[in-house]
Amino acid sequence: MIHVIAGITTPFRYQFFNNGIIVATIAGALCGLLGVFVVLRGMSYIGHGLSHAVFGGAAASAVMNINYFVGAGVWGVASGVIIGRIARRRLIGADAAIGVVTTASFALGLALLNRYGQAKKSIEAVLFGSVLGVKTIDIVAVSAVAILSVVIIVALYRAFLFATFDPEVAQVSGVRVAWIEALLMGLLSLTILVTMRVIGTLLISALLVIPASIARMLTNSFARMLWISPIIGGVSAFVGMYLSYFLDTSASATIILSGTLMFIVVYAVTGIRGRTRISGLHHI
Amino acid sequence: MIGEVLVECAHMTCAYNSTVAIKNIDLTIRKGDFVGIVGPSGSGKTTLLKAILGSITPVEGHITKKPHLRMGYVPQVESVDWNFPVTVLEVVVMTRSSTGRLPRVTKDERADALLVLERLGLGGLENRHIRELSGGQQQRVFVARALFHRPEFLVLDEPTSGVDVRTRHEVLHLLADLHDEGVSIILSTHDLNGLAAHLPRLVCLNSEIIADGSPVDVLTPEILEQTFGAPMEVLVHGGMPVVVDGVGADIAERMSRLA
């Protein structure tokens, strides 16, 4: 019995694992919270695009020896501004603008790491995430963004709900929809920035979509989605991270697979009711 | 007695990029008005309503509104995401979304919302998901949301589009009641006989205003052909104009030959 308990608690003897599981759990909950807006607004492609854009900044800051949060943050904001400018000129659609800018940023990041970086190690760490390099600053950053997100969403809950459900009428009713959308994009960018080092560029959009989709199958209430989805995100990140130690698999991949398994179970258990609820989420 | 001016459009032109949607619009809406905007698809009805609401800025001319005019807007139900996770009560209180309000609906707000819902025949449905309602009930939920804001001026975009005859009657009675209570109303519709003919004032629109007046004055074959670009006949039934599709007789004859 003692051996079993000792075996179960083995990973927690390592500081790197404790740091990693704390960051992953908070990151999972944070992605679950913002994922509610991503899913209900049909913005999955923006989460995917932003993570690819930030990759370019992460690569550039690694090569130039600049602080990751500064380099990737500035790069992410610049990408967002360029996307907005291209889309506003209506030369091409917003989706095409996101596709061009973010994939170009991603490709530039790859090229920079190939040419100047410790290519293979750095690329794998950014693409698939790494728990080995998690530092105290990561825990502080992800916690700060999580607290900021909760405070803003609670304070502006009604405006967020109205602007998500019916932006046109919200605008007419006095809600500053453009401001709310900019705030949401800012929170989403910050979330990607602080979680990308653990979850990785390629899998972060899944963590934004899966918990919120599971929450949607479980409830017909926006308010309930806002607490069910973070719990699911946090639990799948904790379980995935923990299992990855024993399975010797990538932490981020195991986190996403844990979430996917929960999705399959909930999809099966909720039956037609759950499927009907997510049937409107065409982009999933 | 002529009511005070709520909205006045003067030589107003609105465009999307370089495409002009409505041009040279002169229109005055006064307190107590009940106006229907009629016209074919793409004639600029929704654009005109959006300009009135302030969500589109004219590229030429100008629009002036009574200061602090409280407007309620009921969008086309086709544009609503019925799968969105909200209850009837949550939809109704949405118009009180200014910053500083707590996420939870207060007792006073709930009481106000229940009164509006009861008034519209939706009592007891406040905790239902919006998709669980009938077409008429769904339409009335969005009217309830607009009324919760206590508007002086109600703007409705195609309120009877895609609804059955019974629902259309319900909506028409509801709007007539609200108008009797002092709410000024403007709505867009292409339902000439079911809705437009019952209104006191009609504006025929096809990028520009073709005619503005009572149904008897406006629903004439000449004006209708100019507005819709198709021949139409007008009969009178019970003192009200009834519009008949001008090609109907021709098609009926061709169909009878096929029988």
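Q: What puts A:Arg176 over the face of A:Trp179?
A: A charge sits over a ring if NZ of Lys or CZ of Arg is within 6 Å of the ring centre and within 35 degrees of the ring normal. A:Arg176 lies at 5.4 Å from the ring centre of A:Trp179 and over its face, so it counts. A word on the ground rules: this is a predicted model, where local features need pLDDT of at least 70, side-chain atom pairs count only at pLDDT 80 or more, and totals for chains, interfaces and linings use all residues. Residues are numbered from 1 along each chain as its sequence is written, chains are lettered from A and ligands numbered from 1 in the order in which they are written, and side-chain values use heavy atoms, with hydrogens and water left out.

Q: Why is the pair of A:Phe37 and A:Phe160 called tilted?
A: Rings of Phe, Tyr and Trp (its six-membered ring) pair if their centres lie within 6.5 Å; planes under 30 degrees apart are stacked, over 60 edge-to-face, and the rest tilted. Here the centres are 5.3 Å apart with 55° between the planes, so "tilted" it is. The structure holds 17 aromatic pairs over all chains.

Q: What does the pair of A:Phe37 and A:Phe160 tie together?
A: A:Phe37 lies in helix H2 (residues 15-40) of chain A and A:Phe160 in helix H8 (residues 157-165) of chain A, so the pair joins parts 123 residues apart in sequence. Helices (H or I, at least four residues) and strands (E, at least two) are DSSP runs, numbered from the N terminus.

Q: What kind of pair do A:Phe37 and A:Phe222 make?
A: Edge-to-face, because their planes stand at 75°, with the centres 5.8 Å apart. A:Phe222 belongs to helix H12 (residues 222-247) of chain A, 185 residues from A:Phe37.

Q: How do you know whether H8(A) is enclosed by the rest of the structure?
A: Count its buried residues, where buried means under 20% relative accessible area, exposed over 50% and partly exposed in between (1.4 Å probe, protein chains only). 9 of the 9 residues of H8(A) are buried, so it's largely enclosed. Among them are A:Tyr157, A:Arg158 and A:Phe160.

Q: What makes E5 and E9 of chain B stand at the edges?
A: Two strands pair if DSSP finds at least two bridges between them. The open, mixed sheet runs E5-E6-E7-E3-E8-E9; E5 (71-74) and E9 (208-213) each have a single partner strand, so one side of each has no neighbour in the sheet. E5(B) and strand E6 (residues 153-157) of chain B run parallel, joined by 4 bridges, and B:Tyr73 stands opposite B:Val155.

Q: Which strands does helix H1 of chain B touch as it packs on the sheet?
A: H1 (residues 45-53) touches E3, E5, E6, E7 and E8 of chain B, and its direction makes about 150° with that of E6(B). Axes are lines fitted to C-alpha atoms, for helices over the stretch in contact, and angles run from 0 to 180 degrees between N-to-C directions. Helix H5 (residues 165-180) of chain B lies across E3, E6 and E7, at about 155° to E7(B).

How values were computed:
Contact means heavy atoms within 4.5 Å.
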